[in-house]
Amino acid sequence: MLPTISKVLEKLIYKQITTDTGQQGWIPHHQFEFRRAHSTIQQCHRLADTINKAIENHQYCTAVFLDISQAFDKVWHPGLLFKIKRTLPPGYYNLMKSYLQDRTYKVKFNTETSTLHPIHSGVPQGSILGPLLYTLYTSDLPTSQKTVISTFADDTAIMAKDLDPTTASRNLQDHLTGIEKWLQKWRIKVNQNKSTHITFTNRKGQCPSISINQTTIPQGSTVKYLGLHLDSKLTWREHITKKRKQLDLKTREINWLIGKISPLSLENKLLIYKTVLKPIWT
């Protein structure tokens with residue numbers, strides 16, 4: 001729980017940063033968080049469009065969906081302050097330094113409480129500036145002309161397409177090698193076992209496996225990204241099945257409110273439907 005007065009101050013600082021940096025022109029084109037007219041829906045359209053074009057052109061589209069370990073908790077403060085000094089106007093450095101430093105934590109177990117310990121990494125969870133600072137920290141993530149990268153905060157997907165599956169995997173692996181060096185430099189960890197490598201194509205076979213940190217990324221036939229379940233042929237069967245099950249479960253849970261025996265008015269039932277059920281399938 002963060003102090004309300006702190007959140008109000010953070011909101012004011014956030015608005016001022018937006019004004020002073022030209023609507024956050026430092027955010028890369030592939031990052032869809034904190035950009036006007038850019039949302040998860042637009043990012044999903046961009047991702048699906050890339051895959052669809054590859055399938056229509058009879059190409060192999062090999063993609064990796066990276067799982068960043070404790071993304072917001074692992075932001076290295078000296079590295080973040082260096083990027084703040086490099087990116088934002090001069091007046092923000094001391095302000096952000098004061099915001100990040102001298103934070104402490106303690107652990108309570110049953111009746112025992114530990115001593116206070118300083119926090120040397122991470123941005124406060126639930127804060128207004130936390131996601132913005134993480135986006136700034138990762139704004140220089142390496143890109144490649146031979147791949148397409150999609151990010152929304154810490155949700156990261158990288159795709160490469162080619163008529164030859166080996167070439168597609170090689171281009172993706174080259175990009176991952178560059179990202180691997182960047183991750184080591186800025187002390188960000190990727191959970192290889194929770195990341196997914198998938199090949200989107202209507203042709204036979206799959207693209208060769210890829211690795212990061214000398215560990216092969218598991219291959220799968222489906223992957224979940226920003227709420228969408230994507231299958232290897234982009235048929236949307238997996239997504240429709242999952243959403244239908246979710247909708248059926250939620251409908252059964254609130255049937256006593258919206259069913260025939262409910263004494264609620266039709267107007268209130270419609271309101272519940274629009275706020276609880278409709279968002280699932282839209």
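Which strands form the open sheet of four strands, and in what order? The order is β6-β7-β1-β8, and the pairing is antiparallel. At its edges stand β6 (148-152) and β8, each of which pairs on one side only. Averaged over the sheet and with direction ignored, neighbouring strands are turned by 15° against each other. Two strands are said to pair if DSSP finds at least two bridges between them. Helices (H or I, at least four residues) and strands (E, at least two) are DSSP runs, numbered from the N terminus.

This is a predicted model, in which local features need pLDDT of at least 70 and side-chain atom pairs count only at pLDDT 80 or more, while totals for chains, interfaces and linings use all residues. Residues are numbered from 1 along each chain as its sequence is written, and side-chain values use heavy atoms, with hydrogens and water left out.

**The sheet and its helices**

Strand β6 runs antiparallel to β7 (residues 155-162), and five bridges join the two. F152 stands opposite D155 in β7. Angles run from 0 to 180 degrees between N-to-C directions, and axes are lines fitted to C-alpha atoms, for helices over the stretch in contact.

| Helix | Residues | Strands | Angle |
|---|---|---|---|
| α2 | 40-56 | touches β1 (60-66), β6, β7 and β8 | about 160° with β6 |
| α6 | 165-185 | lies across β1, β6, β7 and β8 | about 145° to β7 |

T196 lies in strand β8 (residues 196-200). T196 is buried, with a relative accessible area of 18%; buried means under 20%, exposed over 50%, and partly exposed in between (1.4 Å probe, protein chains only). Leaving aside neighbours within four places in sequence, T196 is in contact with A63, V64, F65, I217, P218, G220, T222 and V223. From C-alpha to C-alpha, T196 and P218 are 5.6 Å apart in space, and they are 22 residues apart in sequence.

**The chain as a whole**

The chain has nine helices and twelve strands, and its C-alpha atoms fill a box of roughly 65 × 55 × 45 Å, taken along the principal axes. Of the 282 residues, 41% are buried. Among contacts between residues at least 6 apart in sequence, 67% join residues at least 24 apart. The chain exposes about 16600 Å², of which carbon and sulfur atoms supply 54%; accessible areas come from the Shrake-Rupley method with a 1.4 Å probe.

Technical notes:
Contact means heavy atoms within 4.5 Å.
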